[in-house]
Amino acid sequence: IDEDEPTRTLDSRTLESVATFIKNGHARKIVVMTGAGISTSAGIPDFRSPDTGIYANLAQLNLPYAEAVFDISYFRNNPLPFYTLAQELYPGKYRPTITHSFINLLYQKGLLLKLFTQNIDCLEREAGVPGDVIVEAHGSFARQSCVECKHPYPQDLMQKAIHEKSVPTCLECNGLVKPEIVFFGEQLPTEFFANRGLPVEADLCIVMGTSLSVQPFASLPEFCSQGTPRVLINQERVGTMGSRSDDVLILGDCDGGVRKLAEACGWLEELNELWAKT
Ligand code: CNA
């Protein structure tokens, strides 16, 4: 990125300038956009990191191609690989990270306009962020239904099926049951489309732990107004982050990045306390 390019809003393209911007009360409507990278330190692998990502470790499932595990047509013929993976991702086994608590801290301070997450692990909710502030763009394990007749399926039976490594079928029509996470070939939830214009209202955007490679989610940061600072906290540079004059890149792990940002805002102790309670 061009460090010398003049900024419109921030003093400079640094973490410290972002903290000053927040401390001066200029960020009161923050949108946060997240992906699998905010949950890797909780023990849930992401998709695309080489070696450790889920796609790199699907070989034992004999899939024709890695993404097939989340492909709706493949699932209809062979739901077993998905249910094998679902066991690993199913909520209840993992503790939210300090990054999840940081999002909750923004909420508690009344600064969070909306959290857009691609994650299906429900860790944002478990960290304390209320459901109505979260757009789960790719759905979640919170509900499940029949892929044929759409009839809802009870949560306790789903938990039992996951535990027993079996594939649940609809109590009404015997069709296959699937958690309401969005597969390739499926439409995103209506609440995503209802809220996708919201970033234009934001005064700060924080993107964390995502490769920004899945559309239409990947385009969300583009909806922010020119001059609205966009911060990327991620292992690597992704999407168009860094291309605008008020983009700030904090490269490295998310937990370290949010700790530094919280410290610069004078919130570190508060953040640690909040996280300790999760
Ligand atoms: P991805 O494509 O796997 O990208 C993850 C990104 O995070 C990459 O850029 C990594 O470099 C980066 N990253 C990984 N670990 C860290 C870390 N500790 N600190 C900083 N950066 C890190 O994942 P996306 O979310 O972008 O892809 C979208 C998919 C992944 C969505 O459909 C999700 O449903 C799906 N997914 C979700 C989960 C979950 O719910 N926890 C887990 C795996 C995949």
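In which strand is Cys146 found? The points below take up this residue and then the rest of the predicted model.

1. Cys146 belongs to strand S4, which covers residues 139-146. Cys146 counts as buried because 20 C-beta neighbours lie inside 10 Å, and 20 or more is the cut-off for that class. Leaving aside neighbours within four places in sequence, Cys146 is in contact with His151, Tyr153, Cys170, Glu172, Cys173, Gly175 and Val177.

2. An unreviewed UniProt entry places the feature "binding site" at Cys146, Cys149, Cys170 and Cys173. These positions are spread over 28 residues of sequence, yet they cluster in space, with a largest C-alpha distance of 8.4 Å.

3. Cys173 is located in the loop between helix H6 (155-164) and strand S5 (177-181). Cys173 is exposed, because 12 other C-beta atoms lie within 10 Å and the exposed class holds residues with 12 or fewer. Not counting residues up to four places away in sequence, Cys173 touches Cys146, Glu148 and Cys149.

4. The largest nonpolar core comprises 67 residues, of which Ile30, Val32, Ile103, Ile206 and Val231 touch the most other members. Helix H4 (residues 98-108) gives the most to this core, contributing six residues. At least three residues of the core come from each of domain 1 (15-42 + 96-138 + 190-276) and domain 2 (55-92 + 141-181). In soluble globular proteins, nonpolar side chains tend to be buried together.

5. Val32 may be examined individually. Beyond residues up to four places away in sequence, Val32 touches Ile103, Leu106, Leu112, Leu115, Ile206 and Met208.

6. Glu67 lies in the loop that runs between strand S1 (30-34) and helix H2 (72-77). Glu67 is partly exposed because 14 other C-beta atoms lie within 10 Å, a count between the limits of 12 and 20. Although Glu67 and Phe183 are 116 residues apart in sequence, their C-alpha atoms are 9.4 Å apart in space.

7. For "domain: Deacetylase sirtuin-type", UniProt lists residues 8-268 in an unreviewed entry. Over residues 8-268 the chain is 26% helix and 16% strand. The end C-alpha atoms of this stretch are 28 Å apart.

Technical notes: Residues numbered from 1 in each chain as written. Predicted model: local features only at pLDDT ≥ 70, side-chain atom pairs only at ≥ 80, totals over all residues. Core = buried A, V, L, I, M, F, W, Y, C linked by C-beta atoms within 7 Å. Helix = DSSP H or I, 4+ residues; strand = E, 2+ residues; numbered from the N terminus. Domains from an automatic or database assignment. Contact = placed C-beta atoms within 7 Å. UniProt positions renumbered as here; feature names shortened; annotations may be inferred.
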